Amino acid sequence: MTPRPRDFREAAPGPGWAALPLPALILDADGRVAAMNDAAEIWLNLSRNSTLGRALDGDEMSMRLRLQPGLGPLLARVRASEEALYQTSVQFEIGDRTGNHQARRAAVHAGPADGAGGSVSLLIVPQDDDGAHQARHVRSAARSAIGMAEMLAHEIKNPLAGIRGAAQLMAMNATPEDREMAEMIVAESRRIVALLDQVERFGDTSAPRLSALNVHDALEQVRRSAKAGFARDVQIVTDYDPSLPAALADADQLVQVCLNLVKNASEALDGKAGGAIRLRTHYDHTLRRPPDETDPTGRPLPLQIEIEDNGPGFPPAIADQVFEPFVSGRENGTGLGLALVSKIITDHGALIRVDSRPGRTVFRISLPKA
């Protein structure tokens, strides 16, 4: 690590600054980080020791943090006017241990800092517009799917049972060629019934059975099931935070959600050499649900589960619609798995988001503490 410049002086903020619930930093006159609080360390995935004395927005930090747009013009205006200003929708591309970057958006409030001239105090206010957007669409998609479930279950499943029974009777006395066709009718009828069963599950409006649970127990159950079946040839890597407190969730439904996501990841890899799935947990106390009429402050969702694969990612044409019913990136996919996942997570009062690009797709589930 490059030593800190000799002219660098660490800032000494006032009492309580380090305990602010939002990420906060102080930059000196040269744009170098002179102080950062605990929330900034966590949200930016940067250690204080390795960051102090480095320019927040520059080449030296580019492997660990990139900003779009840069903060240079904002800092210059604050220094020139000596007034507090803010900039909305700054994208923070935050590096991880694998060399990848995760994009987060935030508003940045900047103002003159006490102490040496030219120092600027930054307060980062995470924006979760994608979470609010996703939640609205999930609720709309769930309502549509429930209506479809009621219609399809009554209008299609019963006639299909008759078709399947008739085809089975035909096969008993048919020629080999006709028997093959009858068996195909039976098989396709069963496939459609299975699809309708999945659609019907959207109609279950009962609330999740919430209780305190260890998310690692749920993830280990998912990992063992996957390795014993569909993911036996896929490497599954775990990266758990052992200090994570208990989550408030329905254990069976959380296993169902994670198993679905791991299965999707395994299918996306499709035998790719070096294909791997990573199950990761961590704590992010800055993350909350978007405020609404029932919770004006936004519910804290600090427990994070990430399911990542190094497959090809979603096709760009559907990247913004993967949680909607009947949208699928696979040729024979039903497009219901992720819609059901989103409905379950939304029923929990939690969030699920996806960041997908070629070589890296990450689903992140954000849950409340018990």
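Begin by selecting Leu 261, Ile 277, Ile 365 and Leu 367, which touch the most other members of the largest nonpolar core, a set of 38 residues in what is a predicted model. To see where this core draws its residues from, colour the elements that each give two or more of them, namely helix 6 (215–228), strand 9 (247–249), helix 7 (251–269), strand 10 (276–283), strand 11 (303–309), helix 8 (337–347) and strand 13 (360–367). Among these, helix 7 gives the most, with eight residues.

Next, centre the view on Leu 261 and display its contacts: leaving aside residues up to four places away in sequence, Leu 261 touches Ile 307, Leu 338, Val 341, Ile 352, Phe 363 and Ile 365.

Now return to strand 13 and show its side chains. Arg 360, Val 362, Arg 364 and Ser 366 point one way, while Thr 361, Phe 363, Ile 365 and Leu 367 point the other way. Because eight of the eight residues of strand 13 are buried, this strand is largely enclosed by the rest of the structure.

Strand 11 runs antiparallel to strand 13 and is joined to it by seven bridges, and here Gln 304 has Ser 366 as its bridge partner. Strand 12 (residues 351–357) is likewise antiparallel to strand 13, with seven bridges between them, one of which pairs Arg 357 with Arg 360.

Terms used: Residues numbered from 1 in each chain as written. Predicted model: local features only at pLDDT ≥ 70, side-chain atom pairs only at ≥ 80, totals over all residues. Heavy atoms only, no water. Core = buried A, V, L, I, M, F, W, Y, C linked by side-chain atoms within 4.5 Å. Buried < 20%, exposed > 50% of the residue type's maximum accessible area, 1.4 Å probe, protein only. Helix = DSSP H or I, 4+ residues; strand = E, 2+ residues; numbered from the N terminus. Contact = heavy atoms within 4.5 Å. Pairing = 2+ DSSP bridges.
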